[in-house]
Amino acid sequence: MGTASPGARYGDGDRGPRFRVSEMRITRRSTVEELLTALPEEGTTGLSLEDGARIAVIGGGPAGSFFSYFLLGMAEAVDLPVTVDIYEPRHFSHSGPAGCNHCGGIISESLVQILAAEGINLPPSVVQRGIESYVVHMDEGSVRIESPVHEQRIASVFRGNGPRGGGDMPWDSFDGYLLEMAADRGARLERKLVSGLEWVDGLPRLRHPGEGGSTYDLVALAVGVNSNLSHLVRGSEPGSATRTTRTYICEFQADQRIIRETLGSSMHVFLSDIPRLEFAALIPKGEYVTLVVLGDDIDQALISAFLASPGVRRCMPEHALPTVCNCAPLINIRGPRKPYADRLMLIGDCGVTRLYKDGIGAAYRTAKAAAETVVFHGVSAEAFERNYWPACKAIERDNTIGKFLFGFTRTFKVLGVWRRGVLRMTTREQRKEGSRRMSAVLWNLFTGSASYREILMNTLHPAFVAGMLWNLALGIRPGGNGHRKTGGVNAQGHTGQVVG
Amino acid sequence: MRRATLGKSWADGEAIVRQGEVGNSMYVVQAGEVEVLRETEDGEVRLAVLGAGDFFGEMSIFEREVRSATVRARGEAQVLTVDKRTLLKRIKKDPFLAVSILQTMSNRIREINAELVRARAAAASATTENPELETR
């Protein structure tokens, strides 16, 4: 039996861990390589938790809250009493950056369903708008893609308590709701700052400014890629650490009635031929509209060009004013090669997440896989490798396909004939019952409801390829858009209509 | 406070699922109430009233039988549909997800057992008070 901790247990015949570095200190400036090489040399196979084990979760965003919630539930199911401390100094009840985790705030269709099956139902105070359709805007026109079940199964939410300067908001933060859920299950919320991580006798020990540290049997880092603590997991060696890119998010305020009339219960996605723009989206949220832009080297010129484009002017609510709440957060586009070590794991955005879409869904999946690993398999690097890493690896593999799909879209969206073909095929599908292959591909691509692999397979189906070629051919024909442009309809892109 | 509820809105008395139909979804009540009704030769028997957070239709996820009861909105209700395919694909990757559904199903079996015990006790009591009932 190991001697290091009352909460640590080692496999039969194990001599207990020996450590290369007995008091390795890792600070905000440490790299992921330093963090992950401060490991026990041997003898850690079978390292697992026992009664009274202490677990620290650094970061109270969705990954940290999901991890704590599921870990406590599973531990209770197997009669394993553990303590979970969540370190989150921010209050998500604050508006503006102080309480925000900087993202567009979309909960995907598949995640809404899975959470409901888990017994986690988002209350009306958290859901800003139930989304039931997507409107795809291109330079040639717009088309609305209806939810396959004609139901509001996508949620737009505020990660914090809404935009800065919004006053006392009558709604709740999504992140705050999840954190409360974890606390209700028994997690202790520590409002302390964590300034560093060190290893003492093989156990992780958190350091706090101006006071002593706390020793744990496991530390789960769920700090995202935008917090100061993300330095803990950002390495210097190329290929070893998390890679990020910047997005741009801005909140616009307008009359709620006008937002409903112009944007409806739809998320609006733009595939415009604007240099450096990957794609952009407008998300209705009560009396606010969230603009999310993804592209290369986003600057004011790109944002101005986008806001001035015909598609945006067509659907941006009248008199919508940009609030002071805008930001350019980092997003993870490739996780570290090995997001774990003995007694240490990276979950959520600072580990492995989904490319561009459904980051909260990826946080749910990796956090739950992490919790299952810890409770049923232990806290050794080997246990993480066998049981946690496959969930991460599956996401990373799928992201590779996602990069191909987005690269393909980036290449072809500059071609008018391609855009017309996509628009025509989607419009025809939305007008009639039956097979909706292009609609399904676009729906899944933009909502994040299906894996990139599934989307790719759908595009390789002979019927899809034939349909696309046919519509491309019609688009090449002079005047062959194939649809009479319907002026006068509003920007919600009425189903089956091409908005001129 | 403004309300933005997920799912689909159902009017009072509207049938969300019908007994005897083939189903491929389960449902989670988001707001309002629904009633579960068993249609018999003597009319409808109300089995349960479900509220926000409760789910129904989960048997169709695990078996291919037709719906065993009709579920109607009791007042205006908002109900979220969970696709069988989405759920089973996730359960394949994360079997522990099935545990929360099984816990609810287990609770229902417990409630049905209690109901059965009460019904049998009532029947036995009626027989004791009126022995003629047993001979009929």
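**View 1. Helix H11(A) passes helix H12(A) in a left-handed crossing.** A crossing is called left-handed if the near helix is turned anticlockwise from the far one by less than a right angle, and right-handed if clockwise. The model is predicted: local features need pLDDT of at least 70 and side-chain atom pairs count only at pLDDT 80 or more, while totals for chains, interfaces and linings use all residues. Residues are numbered from 1 along each chain as its sequence is written, and chains are lettered from A and ligands numbered from 1 in the order in which they are written. H11(A) covers residues 437-447 and H12(A) residues 452-459; their axes come within 10 Å and cross at roughly 160 degrees. Axes are lines fitted to C-alpha atoms, for helices over the stretch in contact, and angles run from 0 to 180 degrees between N-to-C directions. The two helices are therefore roughly antiparallel, a word used for angles over 145 degrees.

**View 2. Residues of H11(A) meet residues of H12(A).** On H11(A) they are Arg437(A), Ala440(A), Val441(A), Asn444(A) and Leu445(A); on H12(A) they are Glu454(A), Ile455(A), Asn458(A) and Thr459(A). Two residues are in contact if their C-beta atoms, placed from the backbone, lie within 7 Å.

**View 3. Helix H9(A) packs against H12(A) at about 50 degrees.** H9(A) spans residues 381-412, and the two axes are 8 Å apart. The pair is therefore oblique, the term for angles that are not under 35 degrees (roughly parallel), over 145 (roughly antiparallel) or 65 to 115 (roughly perpendicular). Asp398(A), Ile401(A), Gly402(A) and Leu405(A) of H9(A) make the contact with Tyr452(A), Arg453(A), Ile455(A) and Leu456(A) of H12(A).

**View 4. Phe67(A) lies in the largest nonpolar core.** This core has 149 residues, and Phe67(A) and Ala220(A) have the most contacts inside it. Such a core is a set of buried Ala, Val, Leu, Ile, Met, Phe, Trp, Tyr and Cys residues joined through C-beta atoms within 7 Å; buried means that 20 or more other C-beta atoms lie within 10 Å of the residue's own. H8(A) gives the most to the core, with 10 residues. Apart from neighbours within four places in sequence, Phe67(A) is in contact with residues including Val57(A), Ala220(A), Ile347(A) and Ala367(A).

**View 5. Chain A touches chain B.** Here 26 residues of chain A are in contact with 25 residues of chain B. On the chain A side, H3(A) gives the most, with 7 residues.

Definitions and conventions: Helix = DSSP H or I, 4+ residues; strand = E, 2+ residues; numbered from the N terminus. Buried ≥ 20, exposed ≤ 12 C-beta atoms within 10 Å, placed from the backbone.
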